[in-house]
Amino acid sequence: MELHFDGLILVIYALEQVTAIGLDYIGTTLVPLPKFIPTKGNFTFKVGELARLECAVDNLSTKKVIWRRGSESNPLTIGKRTFVDDKRVMIEHTPLHQNWNLLIKRVRVDDEGMYECQVSSQARHLRHHVYLTVEVSETPHSGNPDIRISGEKYVEKGQKINLTCNATGEEHPPDDLDWFKNGDKLSTNYGNGIFIQKRVSLTTKTIVSILEIKNADMNDAGVYICRTSGLQITSLRVNVLNAHTNNVKRHKSDKYNWIGSTGDSTAPVMCGDLITLVYLLTLWTTVT
């Protein structure tokens, strides 16, 4: 038993030495350990631009590159495949090259944050972190207060609701922004999957608030209101769609609701029968 334990210690020590000199295993074959080629760690893009987050790996061999947001466990991409329901996200890779860049089309303010480029290895996990900053376009402000909400009006059940509210002040940014849903004030609630972020730009005299609701259900449908401390206010109705609901079949009697309706082949026949009946009644009255 003691010999077996000593042998296990020797194996662990050997693996540590292999890792220390930059080697890994493919089966029983020793190969160079993957390593990241130095790239930028911070990237800044304006809203609506194509965001490119760079990651380059040497000695990748048969392993795959994984991209994920720093705050989430689920991957965005694995290799060339995308694992999120967002057509804006994709991988930029040239065959036989070392680049594995993450692309985000029409980048939004809520895309801002830490991202992780990872290579899984038997010896250790290799991670490269980059930070994405998304700026609101620095266009000259006209001086007139304004408030707007942007976001998807129709969201499938189980998907994420993302709403962004931009409010500009006359001489300085509004002091604060509040969110309401059907009249009830919203605040960050991790248990219910509700997250609110805020940022202020003194240059554009703008305050931006991002409302995120994960795993939307039917109760999340309704009118969302954004209101500043200066009582600027705007709203947006969000509809949550249940893709698994069966279509309700129309009752047969509905197609006789009114004569001559478009697409109802029986209506002209009924109308013709009615005219014939009136003609026969008139003829019978005349004869009698």
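**Close-up views of a predicted model**

The chain averages a pLDDT of 77, and 69% of the residues score at least 70; pLDDT is the predictor's confidence in each residue, from 0 to 100. This is a predicted model, in which local features need pLDDT of at least 70, side-chain atom pairs count only at pLDDT 80 or more, and totals for chains, interfaces and linings use all residues. Residues are numbered from 1 along each chain as its sequence is written, and side-chain values use heavy atoms, with hydrogens and water left out.

**View A. The open sheet β14-β16-β20-β19.** Four strands make up this open sheet in the order β14-β16-β20-β19, and their pairing is antiparallel. Strands (E, at least two residues) and helices (H or I, at least four residues) are DSSP runs, numbered from the N terminus; two strands pair if DSSP finds at least two bridges between them. Because β14 (146-151) and β19 (194-201) each have a single partner strand, one side of each is left without a neighbour in the sheet. From one strand to the next, the twist averages 15°; axes are lines fitted to C-alpha atoms, for helices over the stretch in contact, and angles run from 0 to 180 degrees between N-to-C directions.

View B. Strand β19 is joined by eight bridges to β20 (residues 206-213), and the two run antiparallel. Lys-198 has Ser-209 in β20 as its bridge partner, while Ser-201 stands opposite Thr-206 in β20. Four residues lie between the strands of this hairpin, where Lys-205 takes a positive phi near 55°.

**View C. The open sheet β5-β11-β10.** Three strands form this open sheet in the order β5-β11-β10, with antiparallel pairing. The edge strands, β5 (51-53) and β10 (89-92), each pair on one side only. Here the twist averages 25° from one strand to the next. Between β5 and β11 (residues 101-104), which run antiparallel, there are three bridges. The bridge partner of Arg-52 is Leu-103 in β11.

View D. Over residues 7-21 the pLDDT stays under 50, and the model has seven contacts for them beyond four places in sequence; contact means heavy atoms within 4.5 Å. Residues 247-272 also have pLDDT below 50, with nine contacts in the model beyond near neighbours in sequence. Where pLDDT is low, the predicted coordinates should not be read in detail.
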